[in-house]
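These are my notebook entries on one protein model, taken down in the order in which I looked things up.

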Amino acid sequence: MQRSLRVLFVLLLACAVSSAAPAFAQQQITGTVTDAQTGESLPGASVSVPGTTTGTATDIDGQYELTVGAEADSLRFSFVGYSAQTVAIAGRSTIDVALSPATQQLDDIVVIGYGAVEERDVTGTVEKVSAADFNPTAGASPEQVLAGKVAGLQISAADGAPGSANFIRIRGTTSVNASNDPLFVIDGVPIDNEGNTATRNPLNFLNKSDIASVTVLKDASATAIYGSRGANGVILIETKSGAGADTPRVTYSGSVAASTITNQIEVLNASQFRQVVQDNAPARLGELGDTSTDWQEATQRTGISQDHSLSFSRGYEDADLRASLGYYDAKGIIETSSTRRISASLKYNQDVLDDDLSLSLSLRGAQTEDAFEPGSVVGAAASFDPTQPIRDVDSPFGGFYEWQDNDLAENNPVASYILESNVGVNYRTLANLEAEYNIPYVDGLSVRSIVGFDVNTGEREFFAPSFLKSQQEGEEPNGTVTRATFTRTNKLADLYLNYNETFDEISSKFDVTAGYSYQDFDEEYPEFTGQDLAQNVFGPNSLEPAGEIEAFVDELPNRLISAFGRLNYTFNDKYLLTATVRRDGSSRFGPANRWGTFPSAALAWRAHQESFVQDYASFISTMKFRVSYGVTGNQDIQDFAYAPLYTPGGPQAQVQFGDQYFNTIRPSAADETLKWEETTMVNIGVDFGFLDDRLTGSIEAYRSDTEDLLFIVPVAAGANLSNEVLTNIGDMRNEGIEFSLNALVVQTDNFTYDASVNASTNRNELVSINRDAEGVLELETGGISGAVGNEIQVNREGETLNSFLVFQHRRDEQGNPLVDGVDHNGDGSINSLDIYKDINEDGQINQADRVIDGNPRPDVIIGHTSQFRYRDFDLSFTLRAHLGQQVYNNLASNYGHSSRLTTQVPSNLHRSFLDYGFNGAQLFSDVYVEDADFLRMDNITLGYTIDQIPSVRNLRIFGSVSNAFVLTGYSGPDPEIGNAGSLGIDNNLYPRSRTFTGGISVSL
């Protein structure tokens, strides 16, 4: 407060002296103009008095000297490629200014879809993360740069495979059978994020080094402009341009990393296995081998990766250019698994017609190549007999040891990864041309058009030789070749008007947008498979020796046509209104339900600009209250689900005419009344800033209700030539609270420390499932290993989606679960009543005795980032925590019982058997539903910057550790199960790794 009073006194004194000076007095001002990022001087920068012809330019050292009249109260500083600044003179004779590159304007501008607004004018729940705040991740997936950065955004890797996809949710799950992934928009083009057979993650085509910022739209007010695709939130990605590069700039960054496995599946070693067989199945001792093999170790390795990016950028007076090349190559920690990407991008911006017409071209493409590990390798490595050797010179299976004459036994995992070939190659090109024209004679009116296309092509190639054990488990020696190709084309055309004008006489600002959008998708999937190979020398390159060939082609079109409008209105620079409406027509629904309307509205109040708050301006720098309401939709389902598509029947559905059998065709299940899922969201929020915004943050509370949920439900026999169909029958609710806080904790000449923390809660409830499908009160889901058709989760009215449905295991005085095969209750018989609780007390254990026991969705998600800088050293780390989630340990339930020793062949056991001693599989026991809270150190990075090398702008050397540690009480390999298809079920997932990275970045 005292410092503020001193500053105020100096300013008042300066004003008094200035006002008392003669009218003809002049003042001389000197100073230096520099680059705010690098500190370099800016020669040729313009310094002028606004509204006059008085001005000068800085010399070669960025210094200036200017004589101005006494009436001048400010100076304007500008330089090509930089954001201009107007600075009050306030009686000073020396004014030094640091100009920010034009790209720095984006820190104050937020992209909101079909336009942008100043951050202070945002009314919805919008959060932006700039490149400087990204996670320094070592992987190929660009989404990981956001993990732990945004409240309400959950990003979890599906598994540890190189370039694996991510489980991404914004404010929970809004659908059961439609997609729950957010909409991704790259440089204004909504992209197709659907997975394909050739790559683990369709977003891997995007090089992280090309991303300038990512904006997350969370509430319906922000997402409703995207209508039918906004129910799961929207992630807007803006790529880097050459703005701000006054001279040619070349930037290179490169790194090398080594990945090691963190935790293996806990199974018995060879000596433990021999002892367990001797104690529990001595008759099988003769089948054991005389070696000691760690099958998991035999299938794993240290994964080496490298990542290189090279870019050139240049800014001109009316244009800018940036081009980049990237190369990424990562070997997975499981043998033969890998991912490789070669990428290139070009972005060019040009202003013409006296800056009335702006043109922007963005073009990027990539080739990604993924080598896939055999799907059985993780499970086989955990369960194969550890007393058997890897090789057997007398084996007919390519020289590898295998269990002969037993088709149900596990197969040698080393043979699988060596003999199989499974590679996918994906080519993706994304381009858009954007033009904005300021219409003459009407101030503030402009028209903008965007034409874009996204072409995704690729091929998946699989080969398994006939002498591979898994290929000989049928009636005849086999061998398989599969070639699956695809082409997916996404074409976009947007045209919209924007009117942006301020009317001082009524203290109002209007920003109005109205437009039309057309997006067309075409997909084609040719595929052929050859089996019963006569010989293997051609590998996957020829089907000529195949005894049986099958081929088919799928073609699927999809079209979305939309009209939209938005009004942003500001009154008195304090009261803000946003109103949006979009009407969508989607070909994924029948003619009767094809069109949907999605409105939204939001109000905001900048309370800190009220006079009664400005009395506390030294403490309260920002205080904005927001409330919003909106409706969004979800049309991300399979194409033509409303109409029957004819597909060929299998060999079991052939029809006999005379001595010949003919394949049949049949219509798929369909519901012609299929329509949108609609999500209505209400959001209340407050943005705050204290101490001149050294401490900023926000608090949000929301509730979203989804109606007409799409469920796959049973239907009457014969009604649809199928036993189930996709239809609208349910309602769901999500509600939660989000909190974020950013603080500049310490700032001195040599040391700075800033930190951020965010936390979010989400409660999910399936409100209704029994609307038109009488008798359907719950649907089981969550398939598990151990037997065919078993499901461990349920979607039940009044419960969270994917809740675990289990038997309550009876326990002894020490809390240990009772072992099966013993008459614990003394009723003279051995059955499930001995080990499970009879919930309904009907004297038997059945489905009615299974109870809800947790769910895989975290109650609370917390993210924290700390950044330290001491002189030329920098240190940063990111922590992430999930609280209140459960995981079903299918590894322990499937492998943790002694009956595995007496079935087909002796198979290895999970170490939990040593604790529980179960004789048979207890797949539905609550013993295996474990609390899976965790705290993960996602990454920690240490760097050193050198900026005094001649002809080098800066050079930085860094080292980092990703997945440095995990603190958890979960007994399995990893508590974070981010697999959308089996959420919260730990079952032979590709193991995660800890990655050590060293790298360098240099800018010339």
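How many salt bridges does the structure hold? I am working on a predicted model, and my search of it returned 52 salt bridges.

**Entry: a pair that spans the chain**

I began with Glu410 and Arg900, whose side chains meet in a salt bridge with an N to O distance of 3.6 Å. I then looked up where the two residues sit: Glu410 is in the loop between helix H5 (377-383) and helix H6 (413-419), and Arg900 is in the loop between helix H8 (890-895) and helix H9 (912-916), so the pair ties together parts that are 490 residues apart in sequence. I also checked the cover over this pair, and noted that Glu410 and Arg900 are both buried.

**Entry: a pair between strands**

Next I turned to Asp522, which forms a salt bridge with Lys491, and I noted 3.5 Å between the closest N and O atoms.

I then looked at Arg703 and found a salt bridge with Asp705, in which the closest N and O atoms are 3.4 Å apart. Arg703 is partly exposed, with a relative accessible area of 39%.

**Entry: surface patches**

Looking for charge on the surface, I found a patch of negative charge in which Glu317, Asp318, Asp354, Asp355 and Asp356 gather. Glu317 has its place in the loop between strand S18 (303-315) and strand S19 (319-331), and I recorded this residue as exposed because its relative accessibility is 73%.

I also found a nonpolar patch on the surface, formed by Val250, Leu310, Phe312, Leu325 and Leu1004, which together have about 400 Å² of accessible area. I followed up one of its members, Leu310, which lies in strand S18 and is partly exposed, with a relative accessible area of 41%.

**Entry: a contact across the sequence**

Where does Ile191 lie? I placed Ile191 in the loop between strand S14 (189-190) and strand S15 (211-217), and at 6% relative accessibility it counts as buried. From C-alpha to C-alpha, Ile191 and Phe453 are 8.9 Å apart in space, although 262 residues separate them in sequence.

**Entry: the protein as a whole**

Finally I looked up the overall figures, and noted nine helices and 50 strands. The radius of gyration is 32 Å, close to the 30 Å that the globule rule gives for 1004 residues, and I therefore recorded the protein as being as compact as a globular protein of that length. The C-alpha trace spans about 110 × 65 × 65 Å along the principal axes. Of the 1004 residues, 51% count as buried.

Notes:
Residues are numbered from 1 along each chain as its sequence is written. This is a predicted model: local features need pLDDT of at least 70, side-chain atom pairs count only at pLDDT 80 or more; totals for chains, interfaces and linings use all residues. Side-chain values use heavy atoms; hydrogens and water are left out. Patches are made of residues with over 30% relative accessible area and no salt bridge: like charges are joined within 9 Å, nonpolar side chains (Val, Leu, Ile, Met, Phe, Trp, Tyr) within 5 Å. Accessible areas come from the Shrake-Rupley method with a 1.4 Å probe; for residues, only the protein chains shown count as cover. A salt bridge is a side-chain nitrogen of Lys or Arg within 4 Å of a carboxyl oxygen of Asp or Glu. Lys and Arg count as positive and Asp and Glu as negative; His and the chain ends are not counted. The place of a charge is taken as NZ of Lys, CZ of Arg, CG of Asp or CD of Glu. Helices (H or I, at least four residues) and strands (E, at least two) are DSSP runs, numbered from the N terminus. Buried means under 20% relative accessible area, exposed over 50%, partly exposed in between (1.4 Å probe, protein chains only). The radius of gyration is taken over C-alpha atoms; the globule rule is 2.2 Å times the number of residues to the power 0.38.
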